[in-house]
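I looked up each item in turn.

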Amino acid sequence: ERCQGAFSLSAITGGLAAHPEYTFSYGVEGPEGLQQIKSVRWFYLSSRKKHLVCVRRDITAINNQERRQRQALQKALTEARLANAAKSDFLSRMSHDIRTPMNGVLGLTRLALEEQDRAAVQTYLRKIQASGEFLLGLVNDILDLSKVESGKLELYPEPYTATEFIKSITSIIEPLAQAKGVQFKVWPGPTDVPLLVDKLRLNQIFFNLLSNAVKFTTAGGRVDFYIDGVWERDGAHFATYRVLDTGIGIKPDFLPHIFESFSQDPESAREEGRLGSGLGLAIVQNLVALFGGTITVKSQPGQGTEFTVILPAKLAPEMPASKENPAVLADLRGRRLLLAEDNKINAEIATKLLQKQGMTVDWVEDGTLVLQKFESAPEHYYDAVLLDIRMPKLDGLTTARYLRALDRKDVARLPIIALTANAFDEDIRHSLAAGMNAHLAKPLDPQKLYQTLAELIGRQEKV
């Protein structure tokens, strides 16, 4: 009926009375019942307006393309709105989660400065340290999640036995469980077959799961970690791990959201000792997926939770028994170090840590001064050089390359160590490629700093 009206002579001439062309479109049923879209255009052949010309064409493809474009634009608009909402939610959560411990750091610092009692000051400092460690953990979680989701995180497999794995896990989780009054037990599998895995990321998966289990288990409860060894399925090897606790459990309505970023049960997350970033399980799920494995969870409120992780397992050849490295026990007293750090507070911290071990430290603020100081000193004067990466005038990577290129006998075996806030895997590779021997991330771990120096200086002595 619409087309009959549009095709009438009165409709055509009426339309042409006001416009040079009269157009409309309509749909018809084509082959196999598919709809086709036709476009009709009418106009006068000449200004005499005695003859009409009709042009009809099929615009089905054009119409479909325009529809797809509209759908794509609508999808992009929706995704942009969701991304914007997610960004706002992220900033809101981060503002809260960062400001909460930062308030503790600043508030307790003010109290410590005004406090005369030494014991009270020590208590404040311990609380400041706890708040600082929470902040560092939050930053690390954000960076890890960002790397995994962007596809920039790489795995570096190496042989890892269950004995080593259990020792590493137990050293962290057991003190947490003892402090909470929770019984923690590891149940190893029947065999100790070395696997080829990324040690750091495997540990990260189960540090997260087990620390959560301890956190959400009340005193008197227990946490069990089952390592069911390696088994075959269709010719492929798999390792199965289970984390069970007798804790508060997870509510059924929250269980589907357990692996979402920033997700926390609002009732349990704010209880004392249960604060967190809400990123741990999201990181775990992403790491498990990166390994090519699966993770599942079962839980009953008030009874406990069970996580099951299944990972593909590539068997590694047996490793020879490791011997204790005597360099770790090297005496660092009397060693002379050249430190490059443009931040005065960071320089003071590093200098104090090194001086506590009896070392002499020469501090400069940028790479150009490192080269001047080193070249003006006699050969073998400095036992090691510590470089920040981001410095004015000359950065740490360039400084390391210049040092290695100097025409001196002592530069070939000179230990050069990066001390930097650049903590990504690619940052470590850049440091090593620039000629550095080691890469230590800030905040500095004193024991790791001492051990790295001892190993490198000890190795230099043996040569």
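How do the residues of the lining of the largest cavity divide into nonpolar, polar and charged? I find 11 nonpolar, 4 polar and 2 charged. Here Ala, Val, Leu, Ile, Met, Phe, Trp, Tyr, Cys and Pro count as nonpolar, Asp, Glu, Lys and Arg as charged, and the others, Gly among them, as polar.

Basis of the entries. I worked on a predicted model, in which local features need pLDDT of at least 70 and side-chain atom pairs count only at pLDDT 80 or more, while totals for chains, interfaces and linings use all residues. Residues are numbered from 1 along each chain as its sequence is written, and side-chain values use heavy atoms, with hydrogens and water left out.

Entry on cavities. I took a cavity as a set of points, on a 1 Å grid over the protein atoms alone, where a 1.4 Å probe fits but cannot get out; lining residues have an atom within 4 Å of a point. Grid points are joined across faces, edges and corners, and a volume is the space filled by probe spheres set on the points. I counted 2 cavities of 30 Å³ or more.

The largest cavity has a volume of about 170 Å³. Its lining comprises 17 residues, and Ala162, Val193, Leu195, Ile227 and Tyr241 lie nearest the centre. Two or more lining residues come from each of α5 (162-180), β6 (195-197), β7 (222-233) and β8 (236-245). Strand β7 gives the most, with 4 residues.

For the second largest cavity I noted a volume of about 30 Å³. Its lining consists of Leu195, Val197, Leu202, Ala239, Tyr241, Phe291, Leu311, Pro312 and Ala313. The elements giving two or more residues to this lining are β6, β8 and β10 (304-312). I recorded 9 nonpolar residues in this lining, with no polar and no charged ones.

Entry on the whole protein. I listed 13 helices and 15 strands; helices (H or I, at least four residues) and strands (E, at least two) are DSSP runs, numbered from the N terminus. Of the 463 residues, 38% are buried, where buried means under 20% relative accessible area, exposed over 50%, and partly exposed in between (1.4 Å probe, protein chains only). Among contacts (heavy atoms within 4.5 Å) with a separation of 6 or more, 63% join residues 24 or more positions apart.

Entry on strands β8 and β10. I located Thr240 in strand β8 and Thr308 in strand β10. Is Thr240 buried or exposed? Thr240 counts as buried, at 10% relative accessibility. Thr308 is likewise buried, with a relative accessible area of 17%. Beyond residues up to four places away in sequence, Thr240 touches Tyr226, Ile227, Asp228, Gly229, Trp231, Thr308, Val309 and Ile310. With the neighbours within four places set aside, the contacts of Thr308 are Thr240, Tyr241, Arg242, Thr294, Ile295 and Thr296.

Entry on Ala434. I placed Ala434 in the loop between α12 (425-433) and β15 (438-441). Ala434 counts as buried at 4% relative accessibility. Leaving aside neighbours within four places in sequence, I found Ala434 in contact with Leu397, Ala400, Arg401 and Arg404.

Conventions. 1 Å grid on protein atoms, 1.4 Å probe; cavity = no way out; pocket = protein on both sides within 12 Å on 5 of 7 lines; lining within 4 Å.
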